[in-house]
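Hi,

Here is the structure I promised to pass on to you. Have it open while you read, and I'll go through what turned up.

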Amino acid sequence: MSNRQPTSPAAPPEPEQFPVLWPMQTRWADNDHYGHVNNVTYYSYFDSAVNGWLISTTGVDIRELDAIGVVAETSCRYLAELSFPDRLQVGLAVERLGTQSITYSLAIFREVDDTLIPAATGRFVHVYVDPQTRRPVPIPDQIRKAAAQLATPNAGR
């Protein structure tokens, strides 16, 4: 018999915890047979928000930089169902800005009137690699400068 106490779930995220809220819209095709957004689609929202924000903030096509960010790790904790036609805000923060990688802390909020309801939390680790060799390289300056804007007070550097 174990003496371990069950862990309580983390408190739901608050929009104020994220330096950026990136708007998204669910699509008709996002719903699955069960009438809600399929679980894998949440990862698409995370990926689209991070890369959309990077392109918007840097003003460059990030696919044409000397290094590309590949996803090395992801996670998602589902808090509430989403469905078409929900309006979303994806919270973006950086919990760690390394030499060759960035760890993003993410959240999806559903807009209901003037309230943002937490629907999911997530984590993305982008490792920057040479496009040809796929070997790790330093984060491009444009990306580093942008990511620094998302660093939370506890972010490792």
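Tyr43 and Phe46 sit three residues apart in helix α1, so about one helical turn separates them. An α-helix has 3.6 residues a turn, so residues three or four places apart point the same way. Before going on, a word on where this comes from: it's a predicted model, in which local features need pLDDT of at least 70 and side-chain atom pairs count only at pLDDT 80 or more, while totals for chains, interfaces and linings use all residues. Residues are numbered from 1 along each chain as its sequence is written, and side-chain values use heavy atoms, with hydrogens and water left out.

Now the rings. Two rings of Phe, Tyr or Trp (its six-membered ring) pair if their centres lie within 6.5 Å; planes under 30 degrees apart count as stacked, over 60 as edge-to-face and the rest as tilted. By that rule there are six aromatic pairs. In one of them, Tyr42 and Tyr78 have ring centres 4.8 Å apart and planes at 90°, so this pair is edge-to-face. It also ties together distant parts of the chain, since Tyr42 is in helix α1 (residues 39-58) and Tyr78 is in strand β2 (residues 68-78), 36 residues apart. Tyr43 and Phe46 make an edge-to-face pair as well, with 6.4 Å from centre to centre and 90° between the planes. Tyr42, Tyr45 and Tyr78 form one aromatic cluster.

How covered up are these residues? Buried means under 20% relative accessible area, exposed means over 50%, and partly exposed is in between (1.4 Å probe, protein chains only). Tyr42 has 4% relative accessibility, so it counts as buried, whereas Tyr78, with 36%, is partly exposed. In the other pair, Phe46 is buried at 0% and Tyr43 is partly exposed at 25%.

Here's the overall layout. The protein chain has two helices and six strands, and read along the sequence they follow the pattern β-α-β-β-β-β-α-β. Helices (H or I, at least four residues) and strands (E, at least two) are DSSP runs, numbered from the N terminus. The C-alpha trace spans about 50 × 40 × 30 Å along its principal axes. A compact globule of 157 residues would have a radius of gyration near 15 Å, and the protein chain has 17 Å, which agrees. That radius is taken over C-alpha atoms, and the globule rule is 2.2 Å times the number of residues to the power 0.38. Buried residues make up 38% of the 157 residues.

Which of its residues are buried? Ile143, Ala146 and Ala147 are. Seen down the axis of α2, the buried residues fall within an arc of 95°, so they line one face of the helix; the arc is that of the directions from the helix axis to the C-beta atoms. On the other side of α2, Asp141 and Lys145 are exposed.

Next, the largest pocket, which holds about 230 Å³ of space. The search runs on a 1 Å grid over the protein atoms alone: a pocket is an open set of points where a 1.4 Å probe fits, with protein on both sides within 12 Å along at least five of seven lines, and lining residues have an atom within 4 Å of a point. Grid points are joined across faces, edges and corners, and the volume is the space filled by probe spheres set on the points. There are 15 lining residues, and Pro13, Gln17, Phe18, Ser105 and Thr121 lie nearest the centre. β3 (87-97), β4 (101-112) and β5 (115-129) each supply at least two residues of the lining, with the largest share, three residues, coming from β5.

Most residues other than glycine have a negative phi, and most peptide bonds are trans. Asp113, in the loop between β4 and β5, has a positive phi near 55°, and at 71% relative accessibility it counts as exposed. Arg134, in the loop between β5 and α2, has a positive phi near 60° and is partly exposed at 48%. A cis peptide bond joins Phe84 and Pro85, with omega about 10°; Pro85 is in the loop between β2 and β3.
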